[in-house]
Amino acid sequence: MHLNLFNYAEMLALVVSIIYFNRIRNTPFAILLPYMIMIVCVETIGKYLASKGLDIQNLYVFNVSSVIGYIVFYYLFYKSLKTPIFRKIVFYSMPMYILLATINMALIQGFDRFHIYTMIIGSLFLITFIFFYFYEAFGSMEPVYLVKEPMFWIAIGLFLFYLGDFTYNVTVLYFIENRMFKEGMRLFRLINNNLIIFEYVCFSIAIITCRKIRRGSNLQSLPLL
Amino acid sequence: MQENSSGFELAIIAITIVFLILGAFIVMIMLVYRKRRNLHIIEKLHLQSTFKQELLKAQLEIQEQTLTTISREIHDNIGQVLSFVKLNLGAGANAAPEVMQQKITESRELVAQAINDLRDISKSLSFHHIMHMGLARAIEIAAEQINKSGLLQLQVNIKGKPYGLGEQSELVLFRIFQESLNNALKYAEAQHFNIDLHFAAERFNLTLADDGRGFSVEERMQEGSGAGLKNIENRASLIGAAATIQSTPGNGCTITITLQLTPQTNVNGSYSDRIG
């Protein structure tokens with residue numbers, strides 16, 4: 001079974017979240033451990049099945065795991081934002097997104113096709129929440145050392161990943177409809193796989209920068225629930 | 001078809017790269033801006049901390065000065081009066097009834113005077129009491145006390161309708177008044193000390209002038225013995241006021257503090273009802 005560099009980046013984030021679990025245990029970032037386990041399992045099992053030539057239709061696994069991924073990220077933003085209106089928007093977007101994704105997969109695009117519509121909506125939501133975070137980080141009247149803030153790294157990783165992936169997500173339907181699978185895959189490998197590396201390296205840094213008790217980071221002092 | 005698809009792929013890659021560069025640019029701007037803002041906030045916090053320290057120092061100095069005045073008052077005035085009462089009553093013990101009655105009357109008057117003096121002292125005991133009265137009234141009371149002691153002749157002139165300048169500004173201004181009064185008493189050998197408080201619509205002026213022996217401001221500052229004068233300047237700048245010190249040998253000293261009133265200045269109503 002041949003693993004790509006992005007697979008190693010995902011495994012790195014998983015290993016880091018296990019090693020530093022004590023640091024993130026009592027913070028909202030604890031959710032990154034089950035998330036990373038899910039991602040690594042989904043990717044590795046998918047790779048394994050592909051390497052064995054087992055042509056099992058498993059796109060629904062990606063669809064479901066990506067929806068969970070969006071919800072995990074929304075949850076992290078919900079816990080990190082302080083402005084009540086931003087928190088409210090993020091809070092209500094979670095059930096709304098699950099509803100939209102379910103409707104899309106059940107009635108519009110189906111479970112066995114990429115849920116492109118809701119991926120685009122999810123990315124737009126996420127980029128909006130990232131801007132909420134940036135806005136708060138910009139305007140804070142207290143000294144904020146962004147490079148020491150775990151949420152900053154999460155936001156940067158997600159921001160560049162979803163910004164870079166946006167064009168591909170918008171055009172992927174064109175490739176599918178025109179049966180340009182080869183071109184689509186080439187672009188997917190070039191854009192998505194490279195951005196994944198950056199995203200998970202950022203996640204690893206976020207976990208490492210997390211401290212058990214840190215003043216100045218409201219996110220880390222917040223209870224898990 | 002092949003060429004079209006290659007062109008399409010290239011376009012997607014180019015747009016993606018543009019998006020990523022844009023994203024990275026936004027992140028860089030944010031980091032640089034945040035760094036500058038942090039520096040600004042830290043500087044501001046440092047200034048606030050210095051300001052608080054100076055205020056606390058001024059508050060302690062006012063208390064110290066007040067205690068010194070009280071101690072002097074008790075020793076020089078009340079103590080003397082009570083000693084005289086004691087002697088009076090002692091002398092009258094074996095005297096004729098008329099003489100004794102006279103001694104008792106005299107002693108009663110002296111005790112009443114001591115009680116009045118004690119009441120005056122209690123007015124100057126609390127720093128909060130001073131601030132509650134307002135700057136003009138606090139200066140007037142301090143002037144009355146010094147005048148009573150006969151050490152120096154103080155005159156307070158108030159122009160305009162007094163208004164509050166905010167607790168912190170009034171505290172600093174009162175301390176400046178005390179410090180310059182102290183200088184006039186200790187070093188200047190002055191006979192008179194004039195205090196002008198000018199409450200104008202856009203600015204407040206405090207002028208403190210003595211007729212002492214004066215000094216060369218430049219020389220005093222250069223010699224390094226002008227710590228008190230520098231202190232007055234620094235404290236005035238803390239509350240956003242400007243201090244001007246004018247003096248020449250033989251011509252006394254005039255200190256002018258000008259505080260421009262801004263919307264931030266805590267002008268919290270008039271004190272006129274408390275004056276007089």
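Helices (H or I, at least four residues) and strands (E, at least two) are DSSP runs, numbered from the N terminus. This is a predicted model, in which local features need pLDDT of at least 70, side-chain atom pairs count only at pLDDT 80 or more, and totals for chains, interfaces and linings use all residues. Residues are numbered from 1 along each chain as its sequence is written, while chains are lettered from A and ligands numbered from 1 in the order in which they are written.

**Chain B as a whole**

Select chain B. Along its sequence the pattern reads α-α-α-α-β-α-β-β-α-α-β-β, with 7 helices and 5 strands. Of its 276 residues, 22% count as buried (20 or more other C-beta atoms within 10 Å of the residue's own, the C-beta atoms being placed from the backbone). Two residues are in contact if their C-beta atoms, placed from the backbone, lie within 7 Å. Among contacts in chain B between residues at least 6 apart in sequence, 71% join residues at least 24 apart.

**Helices H4 and H5 of chain B**

Next, select residues 135-149 and 167-186 of chain B, which are helices H4(B) and H5(B). They pack at an angle of about 25°, with their axes 10 Å apart; axes are lines fitted to C-alpha atoms, for helices over the stretch in contact, and angles run from 0 to 180 degrees between N-to-C directions. The two helices are therefore roughly parallel to each other, a term for angles under 35 degrees. Now display Leu135(B), Ala138(B) and Ile139(B) in H4(B), which meet Glu170(B), Leu173(B), Phe174(B) and Phe177(B) in H5(B). The residues of this contact divide into 6 nonpolar, no polar and 1 charged. Here Ala, Val, Leu, Ile, Met, Phe, Trp, Tyr, Cys and Pro count as nonpolar, Asp, Glu, Lys and Arg as charged, and the others, Gly among them, as polar.

**The interface**

Show both chains. In chain B, 17 residues are in contact with 22 residues of chain A. The chain B side comprises 11 nonpolar, 4 polar and 2 charged residues.

**The nonpolar cores**

A nonpolar core is a set of buried Ala, Val, Leu, Ile, Met, Phe, Trp, Tyr and Cys residues joined through C-beta atoms within 7 Å. The largest has 60 residues, and those with the most contacts inside it include Phe77(A), Phe129(A) and Ile154(A). Helix H7 (150-177) of chain A is one of the helices that each supply at least two residues of this core; H7(A) gives the most, with 15 residues. Centre the view on Ile154(A), which touches Leu76(A), Cys202(A), Phe203(A) and Ala206(A), not counting residues up to four places away in sequence.

Terms used. Parallel < 35°, antiparallel > 145°, perpendicular 65-115°, else oblique. Buried ≥ 20, exposed ≤ 12 C-beta atoms within 10 Å, placed from the backbone.
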